[in-house]
Amino acid sequence: MEQPAGAAPQRWRLLIAYDGAAFRGFAVQPEVPTVAGALRQALERTARLDGAPPITCAGRTDAGVHARGQVVHVDLPAIPYDGPGLARALNRQLAPAVVVRTAEPVGPDFDARRSATGRAYRYLIWNAPEPDPLLAPIAWHVRDALDLGSMRTASDVLLGTHDFRSFCRRRPGNDTAEPIVRRVTRARWSVDEGPEASDARGGAGEGRLLRFDIAAGSFCHQMVRSLVASLVEVGRGRENAAGLMERLRAATRHRMADPAPAQGLCLVSVAYEAPTETTDAPDAASG
């Protein structure tokens, strides 16, 4: 689409949700479906561009990881849409795998990644002897009985500022001796009492849907899934809060449990300072 001579592009902020099972992660990769790839193609068609526009996200989620509150920004030339109109035009092409929940014009200084002040993730575990077919796409099935009280106590160890090298998959080429410091502001287990939990339980004692909520300024690669895996070991009685603290202090992934499965993880929200704060919306690395 042609612009008036000298006209500056408009920056748009998009709040999006997606089913991670349909994609090989967020970031564009050649010849495989990704969230960014699908969104860029839809933006190219909607704005009638000659090529797919670059987009910046608040956090690059891995293959299979879901999102309710991913935030991206994109610069577009003049288009015949307001925010709701742009969202509808994109959703006609992307839904239901990807849904643009809101679209709004923002100033050129807004950056979906650098302007973010915090990210929040949720991890779901279906704790029951048998799997549940309706929860399988969004929750990790753990058959073993889990001591939720011990898991809650161990989660308190994570609060505050720590070197999370033991729980992060380091990107190739990065120095293994360099600390990976993050500040965790929330780490809490609860029993999810939403409609899907009630429907899944059916009868009393058949199982429970456990929810782990964690928030931090930013996260490193596979951090949340690695923490969940270790906390489940605590719930099984194979680890305890003191052992988890020792793992934090060790700053090494040696003999660590494999990360929890991707399908249980969801990026719930990204926080911004006013006036760009969202009510329900990770860092450039996934949880």
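Which residue caps the N-terminal end of α1? T34 does, with a side-chain oxygen that lies 3.0 Å from the backbone nitrogen of G37. That is a polar contact (a pair of N or O atoms within 3.5 Å; within protein, one must be able to donate a hydrogen and the other to accept it, and residues adjacent in sequence count only if both atoms are side-chain atoms).

Before we go on, keep in mind that this is a predicted model, where local features need pLDDT of at least 70 and side-chain atom pairs count only at pLDDT 80 or more, while totals for chains, interfaces and linings use all residues. Residues are numbered from 1 along each chain as its sequence is written, and side-chain values use heavy atoms, with hydrogens and water left out.

Let's follow helix α1, residues 35–47. Helices (H or I, at least four residues) and strands (E, at least two) are DSSP runs, numbered from the N terminus. With 13 residues, α1 reaches 18 Å from its first C-alpha to its last, close to the 18 Å expected at 1.5 Å a residue; the expected span is 1.5 Å times one less than the number of residues. Among its buried residues are V35, L39 and L43, where buried means under 20% relative accessible area, exposed over 50%, and partly exposed in between (1.4 Å probe, protein chains only). The buried residues of α1 pack against β1, β2, β3, α2 and β4, with contact meaning heavy atoms within 4.5 Å. Just after α1, R48 takes a positive phi of about 55 degrees.

Now move along to α6, residues 241–250. Here N240 is the N-terminal cap, its side-chain oxygen lying 3.2 Å from the backbone nitrogen of A242. Inside α6, G243, L244 and L248 are buried. They cover an arc of only 150 degrees around the axis, so they sit on the same side of α6; the arc is that of the directions from the helix axis to the C-beta atoms. The buried residues of α6 pack against α3, β7 and α5, whereas the face turned away from the buried side carries the exposed A242 and R249. After α6 comes A251, whose phi is positive, near 55 degrees.

Finally, look at the cysteines. C168 and C220 are joined by a disulfide, S to S 1.6 Å (a pair of cysteine sulfur atoms within 2.5 Å). C168 lies in the loop between β7 and β8, and C220 in the loop between β9 and α5, so the pair ties together parts that are 52 residues apart in sequence. Both C168 and C220 are buried.
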